[in-house]
Amino acid sequence: MFDKRLMEICPESRKYIVGNIILQWLELALNTVMIITSAQSVSKLYYKEWGMSDLLLPVVVMAATMIIRFFAARGATRMSYLASKTVKQKMREMIYGKLLKLGSKYREQVTTAELVQESVEGVDQLESYFGLYVPQFFYAFIAPITLFFLFGFGGSWATAAVLLVCVPLIPGAIMMVQKIAKKLLSKYWGQYAQLGSTFLENLQGMTTLKTYQADEFKNKQMNEESENFRFVTMKVLTMQLNSIIIMDFFAYGGAALGILMATRAFVKGDLALANCIFMILLSAEFFLPMRRLGSYFHVAMNGMAASDKIFKFLKLDEPAPKTEACTSGDIQLEDVHFAYDESREIIHGISMTIPERAFVGIVGESGCGKSTVASLLMGRNTIGSGTLTIGGKNTADVTEESLMKTLTYISHNSTFFKGTVRENLILAKPNASDTELWTVLDRCSLSAFLKGEKGLDTVLLENAGNLSGGQKQRLALARAIMHDSPVYIFDEATSNIDVESEEIILSEIRKLAKNKTIIMISHRLANVVEADSIYCLESGNIAESGTHAELLKRGGTYAKLWRTQSELENFGREARA
């Protein structure tokens, strides 16, 4: 019923858990005082030992008790919050630390969607575990023992003993369903994570799915996964409902038994009226803490199921420490193989040389492996076999930090954070002055637009949603220029933008090519005409390589793609004319 790993990672939560238990026990004591006061008052009024004027003191006592109890309840809630806050912060720090140790290759072992769910919703599930379940677990055993002695000294040890014996029936019922619940909730969380992962991947790849007309297939797949999740969810709800019915039977049945025994003792004259009223009103308190524990149990099991996945992530093997520093120089790929899935290889032993300060194009039809090559260059994936070197140093041995300083990657869908233009630009160069920022913005033809807004303090929505596609891509280029790295990788950087923005970006790429290594990945061959060399990929292989003129002269794959694109562009111009 406990996960020792959770308690060990956050020992500072224990003091808040203990505080919660003490405050709950104080609530019980205050509630007992109220009931004793009420029972004695009713008894004295019944036997006409008091008049109405004698009720002032009991009313004051009860009012004071209620006020103190209110603050005790608030304090217990505060303790629950502090206990869960500490563990949530600690767990997320551990996940983030592990993510940093795994580096950008973490996606080879866990999907981003799963990681997001584990670090957000999975960790949130632990809030109820630490804030509610753990304190209630201890209080649920302390409360019945406290009441046992109160009932015993109150005049009926027999009633106290019967009630105390009935209390363990509730955790017994919990233990009965624990194994089933753990297995079922683990399956539930797994299905939930899988559905979320599939949904996010399909949403991110919607354009690709539409292009390849695979959206209908993915729609059916998601419907199947949704149905499986619905089925598991209904099984979980059924299990919870059945266990609640069992716990209610023992809880309220036991309370009813205690009331009957107290009443019987009063009728026989073995129990005073005040004591009888006291026991009748407090009989339910024997079982309510344990009954509440049963309710929290299902929430706790869900949290523990989520924590299993989190601990599984935290135990992933970390790459060996790297000490080599990446330096500028020639980029060499020799017989490189790569597969996302072992059953299907994507890159089939390609070899290419990208000289320092050269302009190299990588082209081919969609799905041929162009972006995968970029991913390997950036160290986001590990090559299956072969070698990849930069400046003579194997990228498998260089630190990720030095690799990121050497390479700058600009994709067709660059990421921006919610904040000002300045905040997004200085990510590339934290100590950049405003003059430097305005210089790169001017190079990318954004300064006039931003001066018409709020300048560098212009606020960007999440992922620059308030900019046009062309403006967003030009801002991405400005940030890349600020980074000032020896190598730039442009991965479809001019796709789906207006002609004016495309010309501005291509013009800046040509300027960068004068003293930087430029790797341009593009499906549009016109963008790489001026490249020093072009590699044409086909189904994960290098079909041919050479300059634009050489490849056209050969009449191979590149020439066919060039003719096809030229015909389409000419047809489009004729149609507009």
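**Group meeting: helix packing and cores in a predicted model**

Hi everyone, let's start with helix 11, residues 370-377, which is mostly covered, with seven of its eight residues buried. Buried here means under 20% relative accessible area, with exposed over 50% and partly exposed in between, using a 1.4 Å probe and protein chains only. Helices are DSSP runs of H or I with at least four residues, numbered from the N terminus. This is a predicted model, where local features need pLDDT of at least 70 and side-chain atom pairs count only at pLDDT 80 or more, while totals for chains, interfaces and linings use all residues. Residues are numbered from 1 along each chain as its sequence is written, and side-chain values use heavy atoms, leaving out hydrogens and water.

Which residues of helix 11 are buried? They are K370, T372, V373, A374, S375, L376 and L377. After helix 11 comes G379, with a positive phi near 75°.

Now to the helix pairs. Helix 2 (residues 14-46) and helix 3 (residues 56-102) have axes that come within 8 Å and cross at roughly 160°. That makes helix 2 roughly antiparallel to helix 3, a label for angles over 145 degrees. The axes are lines fitted to C-alpha atoms, for helices over the stretch in contact, and angles run from 0 to 180 degrees between N-to-C directions. In the contact of helix 2 with helix 3 there are 18 nonpolar, 11 polar and two charged residues. Nonpolar covers Ala, Val, Leu, Ile, Met, Phe, Trp, Tyr, Cys and Pro, charged covers Asp, Glu, Lys and Arg, and the others, Gly among them, are polar.

Helix 2 also packs on helix 4, at an angle of about 40° and with the axes 9 Å apart. From helix 2, residues including I17, W25 and L28 meet a set in helix 4 that includes F130, Y139 and L150. That contact has 13 nonpolar, six polar and no charged residues.

On to the cores. A nonpolar core is a set of buried Ala, Val, Leu, Ile, Met, Phe, Trp, Tyr and Cys residues joined through side-chain atoms within 4.5 Å. The largest one has 62 residues, and L6, M91 and F287 have the most contacts inside it. Helix 4 (112-153) is among the elements that give it two or more residues, and the largest share, 14 residues, comes from helix 4.

What does L6 touch, leaving aside its neighbours within four places in sequence? L6 is in contact (heavy atoms within 4.5 Å) with M91, L126, Y129, F130, M304, S307 and F311. Finally, a second, separate core of 44 residues includes V440, I481, L506 and L525.

Key: Angles under 35 degrees count as roughly parallel, over 145 as roughly antiparallel, 65 to 115 as roughly perpendicular and the rest as oblique.
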